[in-house]
Amino acid sequence: MNKLIFLVFLGLLVSCKTDKPSKEESTLNLKAYTIKQFMDNEAVGGGSFSPDKSKLLVSSNRSGIYNMYTVPSTGGAFTPITVSDSSSIFAISYFPNDERMLYRADGNGDEIYHLYLRDTDGTVTELTPDEGARASFYGWFHDGKSFAFGSNKRDKRYMDVYEMNIETLTPKLIYQNNEGYDFNAVSSDKNLLALSKTINTNDSDIFIYNKTDRSYTKINENQSSNAIEDFSLDSKTLYYTTDDGSEFSYLMTYDIASGKKEKVLEKSWDIRGIYFTHNEKYMVSFINEDGKNVIEIKDMASGENLKLPDFENGSITSVGFSRDESRMRMYVGGSNSPSNLFTYHLANKELHKLTDVLNKDIDPKHLVSAKVIRYKSFDGVEIPAIYYLPHQASVKSKVPALVLVHGGPGGQSRQNFSSLTQYLVNHGYAVLAVNNRGSSGYGKTFFQMDDLNHGEKDLQDCVEGKNWLAQQPEIDATKIGIMGGSYGGYMTMAALTFTPEEFAVGVNIYGVTNWLRTLKSIPPWWESFKDALYKELGNPHTTDSIRLHKISPLFHTDKVTKPLIVLQGAKDPRVLQVESDEIVEGVRKNGVPVEYVLFEDEGHGFLKKENQIEAYSSILKFLDRYLKKENAPLDGETSTKKIEVEETEPKA
């Protein structure tokens, strides 16, 4: 269990000079694209093969909101299955032996997910109708006759495990969770459940629960980061990852009968996870290599890794298999390319491209590839970062810049495509996405460096990122701001509050501003993770509250002197709207320019295209006015429906 569970942002190298632009770049006829053009890039996710493998079930936001679609597995038109215009709908899976479909939806971002069945005649049945209860799909049992899901309908704090028979659609409780365990996997014979128990944001204990004799067997011996991955097909072996005795996670096996353990795969980076295809023909491994996903697929019979298609500048970011293991779907993309969906026939090597998600109005040559850099922080700690330099930047034409801070705590800025980042870079802003101490992916020592030290050394890492930017010949050192969402939003406010002269502006996207309130008001279904959060951040019910008060920007708004924009979803269950309401009110008292963009129908992350367009265009207008110092027009109107935009610059 790691810190990514807490706050997630939808939807973020030794100091060196940047490469000189190539001749091609220097003569590039760069076009400035609108945010609507960038948001007309389609986002597609999932990909469950139909039983006959003729179609895939996917989610897409092509309608402006996520809905469920099917697409032929060899390419063709998308067929809409749902037509929601309010809450986003996310496809889960076809049924194993027929074309019934599972999907999930919540209430406009409130994260109270429910599971739904769409029958072949179009009839929709809510499978988890309990009001106020949260449900999570855990996976199909191997026989395909039922699936496992979690629900907190009995106790809002804990997710019990249920089995849903797909013929009777009757749920059966198979594990009552009274102690705050997290469900991870179930054996093919249905008798063994793999569970984990969080210790802190890095470490957890893992167990096998035997349903027959109701016994628990603890697998790990030492306190370390442990994660269940999968059972073997014969239910005799458990696969798990651990960083016991190492900086990075590696793969182990546990023989259930003898208790024997064996290391089976180790890399120089974290193995993020593995899984087996349905009949254990292949093992899929995910390695977090310097902020980039590397995927290996091992043929279990030969012991050799498959040779996958070469996509030149693109990387395979995720894969999934048909139930008979004959076909694979893949997402392929990169920092300068949104991910497209492909299918691949493993026997005859046929490759089919199913999507072309980049808006045809956008020339791919105008997008910027990320570069991984590293810089030394104030105490000599090496900080990794992902750097985007605009094509138009040069020594003679310096550009403003932003330090971008990821969510978490414990998240990671990765080499993935971001429409917002590319939009800002396209309009002449350099972006340095920092992986400050406490970020995942760089070893457990680095990961734990910010424990009980938030808003201090990790903030200094961001300041040193600004200093690195200021030394680059293409950057205007007087025009560097800071931006982030969720925990990154907190870091933005901490920067403006506790280092008020370092950054020229701040962009706070649903950031925590009052740790005392946030840690007391976390959603009830985070109960199993609450103690871990308290160990890392501090317990608001103890003397830790003194430090939490000290590092909460809300109580120090009188120190903020630089322009600020705040964006918030009213349905956010993690960072409550009041956090943003009060920080805006507090900073406004200083006579500082403040803008506030509030979405009534969004949660922790903006999913609707119209809201994304409004949010991101508001950010650019704000930056143009206060960072570039251009007189960009501002939307000063207030919408009574969904969006509230307040311009609070003091009158002349």
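Which backbone nitrogen does the side chain of Asp106 reach? Good morning. The model I present is predicted, so local features need pLDDT of at least 70 and side-chain atom pairs pLDDT 80 or more, while totals for chains, interfaces and linings use all residues. Residues are numbered from 1 along each chain as its sequence is written, and side-chain values use heavy atoms, leaving out hydrogens and water.

The opening answer is Gly109, whose backbone nitrogen lies 3.2 Å from the side chain of Asp106. Asp106 belongs to the loop between strand E6 (101–105) and strand E7 (114–118); strands are DSSP runs of at least two residues, numbered from the N terminus. With 13% relative accessibility, Asp106 counts as buried, a term for under 20% relative accessible area with a 1.4 Å probe, protein chains only. Beyond its neighbours within four places in sequence, Asp106 is in contact with residues including Ser87, Ser88 and Tyr113, where contact means heavy atoms within 4.5 Å.

I turn to the aromatic rings. The structure holds 30 aromatic pairs, meaning rings of Phe, Tyr and Trp (its six-membered ring) with centres within 6.5 Å; edge-to-face denotes planes over 60 degrees apart. One of them, Trp140 with Phe147, is edge-to-face, at 5.4 Å centre to centre and 75° between the planes. Phe147 has 0% relative accessibility and is therefore buried.

Finally, the charged end of Arg62 sits over the ring of Phe78, 4.0 Å from its centre. The criterion is CZ of Arg or NZ of Lys within 6 Å of the ring centre and within 35 degrees of the ring normal. Thank you.

Methods. Helix = DSSP H or I, 4+ residues; strand = E, 2+ residues; numbered from the N terminus. Buried < 20%, exposed > 50% of the residue type's maximum accessible area, 1.4 Å probe, protein only. Polar contact = N/O pair within 3.5 Å; in protein donor to acceptor, adjacent residues only side chain to side chain.
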